[in-house]
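Here is a short briefing to read alongside the model. Have a look at the structure first, then follow the notes below.

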Amino acid sequence: MLFFFSALACSIAPIEDRWSHGNITQLKDSFTSNFVIENEVDGERRWVVIDTGFNKNTEPLVDFLTEKEASIENIDHVFITHGHGDHIGSHANFTNATFHVNSQDKSLLEAEGITAIETFEAGNEVVLEGVSFLPFAVPGHTSGNVAVLVGEVLIMGGSAQSNKDGDIEVGGKRFAEDWEQAKASLEQLTVDIEPYSEQIEWIVFSHSGPIQGIDKLLAYSAE
Ligand SMILES: [Zn+2]
């Protein structure tokens with residue numbers, strides 16, 4: 001396992017801890033990361049977290065919220081990109097949260113002991129704390145895996161990764177339920193995302209660094 005991650009680290013663009021654009025911040029958590037979105041609702045600051053991170057104590061998120069004079073108990077909603085352990089493993093720290101997941105990955109959350117689950121369907125907007133989350137189906141990594149558009153940022157989760165050449169590729173072959181499907185789905189995403197191409201300024205990934213603009217995604221081909 002260690003060898004695999006160090007081999008992976010040679011080619012991927014490194015995660016940029018605390019990268020942010022507008023109200024979205026990426027928090028590096030070991031080899032993965034989560035994203036925090038801040039919004040003001042009725043004069044009160046609120047947060048939505050995308051994926052729980054890997055660290056058992058959720059330290060990067062706890063540190064970030066502490067700086068904001070908030071705590072993990074203030075998180076009412078967690079949006080899940082897919083049901084793998086490094087994205088949902090520290091769910092128990094979110095004592096007050098509902099976990100929003102594509103219906104096809106619901107069983108993966110239940111298997112981890114998560115009970116506060118609300119499902120969505122890819123293509124249908126989910127509004128949490130006044131923020132719009134638009135999920136796109138990218139099956140293959142898991143059957144319910146999604147990328148999600150939040151404002152000007154497309155959050156890929158585990159759908160893909162950025163490499164050191166600044167290109168986008170499908171990563172995590174060893175962890176994919178269906179690797180060929182994952183590649184075909186990413187190519188399909190280039191079609192599905194096209195209507196939003198003017199809106200998107202950044203593409204971000206759970207396991208690698210951000211890419212500015214959408215051109216690299218639109219140029220992706222499964223071949
Ligand atoms: Zn995964």
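I193 touches F136, L154 and L217, leaving out residues up to four places away in sequence; a contact here means C-beta atoms, placed from the backbone, within 7 Å. This is a predicted model, in which local features need pLDDT of at least 70, side-chain atom pairs count only at pLDDT 80 or more, and totals for chains, interfaces and linings use all residues. Residues are numbered from 1 along each chain as its sequence is written.

**Around I193**
- I193 sits in the loop between helix 5 (179-192) and strand 14 (202-204); helices (H or I, at least four residues) and strands (E, at least two) are DSSP runs, numbered from the N terminus.
- I193 counts as buried because it has 20 C-beta neighbours inside 10 Å; the cut-off for buried is 20 or more other C-beta atoms within 10 Å, with C-beta atoms placed from the backbone.
- Between I193 and L217, 24 residues apart along the chain, the C-alpha separation is 9.2 Å.

**The sheet**
- L154 stands opposite I203 in strand 14.
- Strand 11 (residues 153-155) pairs with strand 14 in the parallel sense over three bridges; pairing requires at least two DSSP bridges between two strands.
- Six strands make up an open sheet with mixed pairing, in the order 8-9-10-11-14-15.
- Its edge strands are strand 8 (126-128) and strand 15 (211-212), each pairing on one side only.

**The whole protein**
- The protein has six helices and 15 strands.
- Of its 223 residues, 44% are buried.
- Among contacts between residues at least 6 apart in sequence, 56% join residues at least 24 apart.

How values were computed:
Buried ≥ 20, exposed ≤ 12 C-beta atoms within 10 Å, placed from the backbone. Contact = placed C-beta atoms within 7 Å.
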